[in-house]
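Me: Please take a close look at the aromatic ring pairs in this model. After that, go on to its sheet and helices, in plain terms and in one connected answer.

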Amino acid sequence: MLSRQKWATLLRRRRLLGKRMNPPTSLARLAYTTTTNSTPDTYDVCVIGGGHAGCEAATGAARTGARTVLLTQRIDTVGELSCNPSIGGVGKGTLVREVDALDGVMGRVADKAGIQFRMLNASKGAAVWGPRAQVDRKIYKHHMQNIIFAYPNLDVRAASVFDLVFDNSAAPSTSTSSPIWGTVTGVRLETGDVIKCSKVVICTGTFLGAEISLPGMRRIPAGRIGEAPSMGLSASLHAAGFKLGRLQTGTPARLDKHSIDFSRMERQDGDEQPQPFSFIHREVDHAKNQIPCYQTRTTPETHRLIRESMHLSVHIQETKKGPRYCPSLEAKITRFGHKGSHTIWLEPEGYDSDMIYPNGLSCSMPEELQEPMMRTIPGLEQVKMLRPAYGVEYDHVDPRELTMTLETKRIKGLYLAGQINGTTGYEEAAAQGCLAGINAGLAARGRPPMVLTRADGFLGVMVDDLIGKGAEEPYRMFTSRSEYRMTLRSDNADMRLTEIGHSAGIVNPDRWVAFVNDKDAIQRGTELLTNVVLSPQGWGKYGFEIGRDGIMRSAYDILKIPGVTAADLMRSGAVPGLDLVESHIRARIDIEASYAPHLPRQLADLALFHADESLLLDPDMDYSQVQGLSDEVRERLQKVRPTTLGAVKRMEGMTPTSAIYLLKHARRTWRATAEQAVRSTDHRSLLKAVTT
């Protein structure tokens, strides 16, 4: 352990060097190359950025039949895991399943690259399960690039986008209450070449106007180590009138696994029977070769050293918001000063990698202080740091500028996805990219949009939260954000979304066949169980003890008893033919049966939700003409421009009285069909609904 005297010496040395210190060589080098086709072509959709949002946006647009191009500064970084080597988690894993249900690519690639799979919250109900996988960085990127580079209707180019090209004269609306600044007609590269397109999806991640906060007090323009930021796009968006904010994130140091004493830590192995992310997979590639993770904790000495060097971290001193749910170590110690320790997970980066990712140790301390700090943690007493931690600060657009399709209200044909909308995490980015890309492609092809509501999936919840409430801090998906999580589970994402995707024409025929087969198998298995009906005495003969109340119960009813599974019924022999039902289908029937007693209340809530969503509002409504509204409420409405009564009720700061004033105004101004629906709404029930 580092003595107080040695720690003080390091701090004094740092103060003496001050700003004269050069950044470490590993952080100072920036590789920046711009190449482009000498004869740019015309596309339907242009996707900017090759991260998780960009990969899903590009493939999503291509699935609609739109001719799509993915532009990225470096082709070799397409599909890069820029921070943690994992996919999924609580809430996040459901998003991955939803992307897969819409025929996205993240889940399929994670199944091939995963080196440890765990179902988080497995001891609880399926509504809060969180599929998660540690992944091998190299394998993940390899499989993602194999898919992207061979995807139908998709070209990939190495190019740096400097600006967007607009046609201001082609703005389709002259409304003064909701002005449209212009329409996208293409993108301009740094070479000066213009690629023409009718739709653009920006997926720049942390690269938009980005700066890296190097260990200590230095900064360089970069979105990731060795890669330049996107500066021209920030200026272009600002010129169009978008409200830009600044957010922060960071990545921890990378450690040499040979310098770590894992015997002093708690070992965590993967599940014996890993569950794939993708609904078209029955198993994962490396189920028999999973690698353990290890858990340790910080100590009071760790916290003392952090506090003493806090003044040397520019990242923590600024006012920009960092992630609440994945904060830097400095932020955790500041916010939770009463806690004596914080959990650290040591995660392998791959089969052939010597690097360990210390999840929970993100910081921007001076480089020479990071290793001594880490050596105060059990198991890391002799640790060697291979790469220091650093912070990133970047621009984001207020997501209240967007519609439910993730198209901007201000510029027609421009879509935003990922961290540019104020979210954090691979999974949130991928889900937005999937939705934005699909809608950009559908619009380019002249087809109706694909809109997902809060009742459809976590993706709908996330988008509704973002466009209605904005993102004052990086947004992360949790199951608790959904009021309908009993029906929005990770296990049934395909049953909720694949038919929607098929109707939009973005689901591959092979996936559709697999979905139909699973749906039919679940229905047949359920019918098999409901057709076996016995008395309590009859079930007792098969080993299922039930109160002798004389009520006849089906085998499906027996599944509603906690702890009883279809496998138990199969072993008992009570349901002939159940052994012919595949195990993964039986598992899905188990979950559906366990939630069946609770669904009537959820379905009633969903009916109320759909009733509110069916009351449409004019997006060009002039809120200054709505009598009785306060200036604060008018300002909020002007910024969000909700399109349904349900969206109004979910807005922050909306009072029951304001909702009624808006309803009265809408009665006078809505089109006839909307007016008829509104007349059936009782003000008293509205008042009750808004206040609950």
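Reply:
**Aromatic pairs and their surroundings**

Four aromatic pairs are counted when ring centres must lie within 6.5 Å. One of them joins Trp539 and Phe544, whose ring centres are 6.0 Å apart and whose planes meet at 85°, so this pair is edge-to-face. The label follows from the angle, because planes over 60 degrees apart count as edge-to-face. A pair of aromatic rings is described by two values, the distance of the centres and the angle of the planes. The model is predicted, and the values here are computed from it.

Both members of this pair are buried, a word that needs a cut-off: under 20% relative accessible area. Trp539 has 0% relative accessibility, so Trp539 counts as buried. Phe544 has a relative accessible area of 11%, so Phe544 is buried as well.

Arg97 lies over the face of Phe279, 5.7 Å from the ring centre. Over the ring of Phe242 sits the charged end of Arg410, at 5.6 Å from the centre of that ring.

Six strands form an open sheet with antiparallel pairing, in the order 14-15-16-17-13-18. At its edges are strand 14 (266-268) and strand 18 (385-387), each of which pairs on one side only. On average, neighbouring strands of this sheet are turned by 35° against each other, with direction ignored.

Strand 16 can be followed to both of its neighbours. Strand 15 (residues 293-297) runs antiparallel to strand 16, and four bridges join the two. Within this pairing, Tyr294 stands opposite Leu346 in strand 16. The link from strand 16 to strand 17 is a hairpin of six residues.

**The helices**

Two packed helices are described by the angle between their axes and the distance between the axes. The axes of helix 4 (residues 92-101) and helix 13 (residues 458-469) come within 9 Å and cross at roughly 110°. Helix 4 is therefore roughly perpendicular to helix 13. Thr94, Leu95 and Glu98 of helix 4 make the contact with Phe458, Leu459 and Met462 of helix 13.

Helix 5 (residues 106-113) is largely enclosed by the rest of the structure, because seven of its eight residues are buried. The buried residues of helix 5 are Met106, Gly107, Arg108, Val109, Ala110, Asp111 and Ala113.

**A loop residue**

Thr487 is found in the loop between helix 13 and helix 14 (493-504). Thr487 counts as buried, because its relative accessibility is 15%. Not counting residues up to four places away in sequence, Thr487 touches Asn492, Arg496, Leu599, Gln602 and Leu606. Thr487 and Ala127 are 360 residues apart in sequence, yet their C-alpha atoms are 7.6 Å apart in space.

Methods:
Residues numbered from 1 in each chain as written. Predicted model: local features only at pLDDT ≥ 70, side-chain atom pairs only at ≥ 80, totals over all residues. Heavy atoms only, no water. Pairing = 2+ DSSP bridges. Axes fitted to C-alpha atoms, helices over the stretch in contact; angles between N-to-C directions. Buried < 20%, exposed > 50% of the residue type's maximum accessible area, 1.4 Å probe, protein only. Phe/Tyr/Trp six-rings, centres within 6.5 Å; stacked < 30°, edge-to-face > 60°. Lys NZ or Arg CZ within 6 Å of the ring centre and 35° of its normal. Parallel < 35°, antiparallel > 145°, perpendicular 65-115°, else oblique. Contact = heavy atoms within 4.5 Å.
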